[in-house]
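Reader: I would like to learn how to read a structure feature by feature. Please take me through this one.

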Amino acid sequence: MGKIILASSSPRRQNILKQCNYQFEVIPSPYIEDHTKTDFSYEFIESLAENKARAVVPLVKEPCKIIGADTVVVLDNKILGKPDNESGAVEMLKKLSGRKHQVVTAIVVINTQSGEIKKQAVTSEVEFEKLTDEQIEYYVKNYKPLDKAGSYGIQEMPKGYIKSYTGSLENIIGLCPKAVEKLLR
């Protein structure tokens with residue numbers, strides 16, 4: 001398979017790759033995401049993941065496969081990215097309360113030797129319970145919603161916050177193992 005580089009500083013993505021027994025190095029992408037676009041499209045999310053991976057290409061000296069990924073929460077075809085502050089996190093969680101939404105992770109693998117680029121976007125669905133203002137405030141104060149799309153991490157949500165989900169749990173967390181395996185082959 002050759003050397004693998006993860007172009008992300010996300011501890012969640014790193015843990016998913018470790019759980020899948022991949023040997024990899026981490027080189028955080030210097031790419032600055034554009035958070036001004038709010039309308040969702042698969043092309044947009046895939047371009048973010050590709051740009052993250054492309055920004056790491058000049059930083060590697062030997063042939064490798066670079067994994068870039070981007071995860072967004074989508075509600076009513078609008079992207080809910082990472083909140084700017086705690087009040088933004090509260091507002092996002094209020095929007096998600098009692099509703100279904102999609103979590104889309106785009107994964108791009110660049111083979112630096114061949115120049116080949118492979119892409120896949122994976123969609124999962126999450127439904128929140130109807131949350132009280134107290135539950136939302138508790139979550140924002142006691143967890144770290146500012147570094148997560150949609151202001152939450154499903155893996156850390158207290159009991160009574162998530163009603164259900166469909167699709168890959170790891171995809172919701174930030175990286176779908178089946179998609180990564182397929183793209184690395």
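**Salt bridges and helix packing**

Author: A search of the whole structure, which is a predicted model, finds 15 salt bridges.

Reader: Which residue forms a salt bridge with arginine 12?

Author: A salt bridge is a side-chain nitrogen of Lys or Arg within 4 Å of a carboxyl oxygen of Asp or Glu. Arginine 12 pairs in this way with aspartate 147, and their closest N and O atoms are 3.6 Å apart. The two lie in distant parts of the chain, 135 residues apart: arginine 12 belongs to helix 1, and aspartate 147 to the loop between helix 4 and strand 7.

Reader: Is arginine 12 buried or exposed?

Author: The cut-off for buried is under 20% relative accessible area. Arginine 12 has 19%, so it is buried. Aspartate 147, with 34%, is partly exposed.

Reader: Which residues are linked with Arg12 in a network of salt bridges?

Author: The network links Arg12, Asp147, Lys148 and Glu156.

Reader: Which residues in helix 1 are buried?

Author: In helix 1, residues 11-19, the buried ones are Arg12, Arg13, Gln14, Ile16 and Leu17. Their cover includes strands 1, 2 and 3 as well as helix 5 and helix 6. After helix 1 comes asparagine 21, with a positive phi near 65°.

Reader: How should I read the packing of two helices?

Author: Two packed helices are described by the angle between their axes and the distance between the axes. Here, the axes of helix 3 (residues 86-96) and helix 4 (residues 133-142) come within 10 Å and cross at roughly 135°. That angle makes helix 3 oblique to helix 4. The crossing is right-handed.

Reader: Which residues in helix 3 and helix 4 meet?

Author: Helix 3 contributes Glu86, Ala89, Val90, Leu93 and Lys94, while helix 4 contributes Asp133, Ile136, Glu137, Tyr139, Val140 and Lys141. By class, this contact has six nonpolar, five charged and no polar residues.

Reader: Which residue forms a salt bridge with lysine 141?

Author: Lysine 141 bridges to glutamate 86, with the closest N and O atoms 2.9 Å apart. This pair joins helix 4 to helix 3 across 55 residues of chain. Lysine 141 is exposed at 56% relative accessible area, whereas glutamate 86 is partly exposed at 35%.

Reader: Where are aspartate 39 and lysine 78?

Author: Aspartate 39 forms a salt bridge with lysine 78, their closest N and O atoms being 2.3 Å apart. Aspartate 39 is in the loop between strand 2 and helix 2, and lysine 78 is in strand 4, 39 residues apart. Aspartate 39 is partly exposed, at 37% relative accessibility; lysine 78 is partly exposed, at 39%.

Methods:
Residues are numbered from 1 along each chain as its sequence is written. This is a predicted model: local features need pLDDT of at least 70, side-chain atom pairs count only at pLDDT 80 or more; totals for chains, interfaces and linings use all residues. Side-chain values use heavy atoms; hydrogens and water are left out. Buried means under 20% relative accessible area, exposed over 50%, partly exposed in between (1.4 Å probe, protein chains only). Helices (H or I, at least four residues) and strands (E, at least two) are DSSP runs, numbered from the N terminus. Contact means heavy atoms within 4.5 Å. Axes are lines fitted to C-alpha atoms, for helices over the stretch in contact, and angles run from 0 to 180 degrees between N-to-C directions. Angles under 35 degrees count as roughly parallel, over 145 as roughly antiparallel, 65 to 115 as roughly perpendicular and the rest as oblique. A crossing is left-handed if the near helix is turned anticlockwise from the far one by less than a right angle, and right-handed if clockwise. Ala, Val, Leu, Ile, Met, Phe, Trp, Tyr, Cys and Pro count as nonpolar, Asp, Glu, Lys and Arg as charged, and the others, Gly among them, as polar.
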